[in-house]
Amino acid sequence: MAYALIAQIVAAIFALGWIGTSVVTAALLGRLIAHAWRERDALLAKILLFGLVVGFGELPADHFGVVVTETLVYSPGGPQVWATPLYMPFGWVVMMVQLGVLAWWLAPRLGTARTCFVLAVLGGLNIPAHELLAKYADLWHYQNTPMILGAVPHYVILAEAMLGMVMPLLLLRVSTTPWRGVIGLGALQALAIYVAGRIAYALVG
């Protein structure tokens, strides 16, 4: 998470755009895959699969923001999948690993309910910084919706808080779930992302 944050700050300072973000995402993802392979870490491998399903399953949520509400605007350039830059699904993989490991660390100490609350708070607080850095890195920005700091929509903050509350409920089941079931858990998380976005936009968008 520290590496990712430093990379985001550098990308924002120099406005590196989609190329810089693609390189950073590939480097982070490669490091995680290499660790899972080298250490034969089945849990990390399952979280990576979970994240991959979430990343590509999140495409309808992006379509909702880009095409339906026209509030999300990606900067042009680079390969795309549907309405989404290709780096985004893989960025979700990295984020799911970060949150998944954090959830696994917190749950034995706080319990599931408190872990859900902590991730909800972290999601709501982390998003303003993430969205600001993305704007100045020339990755995406928002329009035609209430925002704070001129860059962070109210509905995105609410949606991320809702997602943070749901994530541990699914991620904590990954270790005891067969590989095929992990795909199903990822699909449920992707559905939660879409539903949270729709609800949040209806409430405060």
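**Pocket, helix and core**

Reply: Helix H1 (2–14), helix H2 (17–38) and H5 each supply at least two residues to the lining of the second largest pocket. Helices (H or I, at least four residues) and strands (E, at least two) are DSSP runs, numbered from the N terminus. This is a predicted model, in which local features need pLDDT of at least 70 and side-chain atom pairs count only at pLDDT 80 or more, while totals for chains, interfaces and linings use all residues. Residues are numbered from 1 along each chain as its sequence is written, and side-chain values use heavy atoms, with hydrogens and water left out.

Me: What makes a space a pocket, and which helix gives the most to the lining of the second largest pocket?

Reply: On a 1 Å grid over the protein atoms alone, a pocket is an open set of points with protein on both sides within 12 Å along at least five of seven lines; lining residues have an atom within 4 Å of a point. H5 gives the most to this lining, with five residues. Among the lining residues are Met-1, Tyr-3, Arg-31, Val-94 and Gln-98.

Me: How do you know that the span of H5 is close to the expected one?

Reply: The expected span is 1.5 Å times one less than the number of residues. H5 (residues 87–110) has 24 residues and reaches 34 Å from its first C-alpha to its last, close to the 34 Å expected. Gly-111, with a positive phi near 90°, follows H5.

Me: Which residues have the most contacts inside the largest nonpolar core?

Reply: They are Leu-48, Phe-50, Trp-92, Met-96, Trp-140 and Leu-163, in a core of 53 residues. H5 gives the most to this core, with twelve residues. A nonpolar core is a set of buried Ala, Val, Leu, Ile, Met, Phe, Trp, Tyr and Cys residues joined through side-chain atoms within 4.5 Å.

Me: Why is Thr-145 called buried?

Reply: Buried means under 20% relative accessible area, exposed over 50%, and partly exposed in between (1.4 Å probe, protein chains only). Thr-145 has 10% relative accessibility, so Thr-145 counts as buried. Thr-145 lies in the loop between strand S4 (140–142) and strand S5 (147–148).

Me: What are Asn-144 and Glu-70 called, and why?

Reply: Asn-144, in the loop between S4 and S5, counts as exposed because its relative accessibility is 63%. Glu-70 has 49% and therefore counts as partly exposed.

Note on methods: On a 1 Å grid over the protein atoms alone, a cavity is a set of points where a 1.4 Å probe fits but cannot get out, and a pocket is an open set with protein on both sides within 12 Å along at least five of seven lines; lining residues have an atom within 4 Å of a point.
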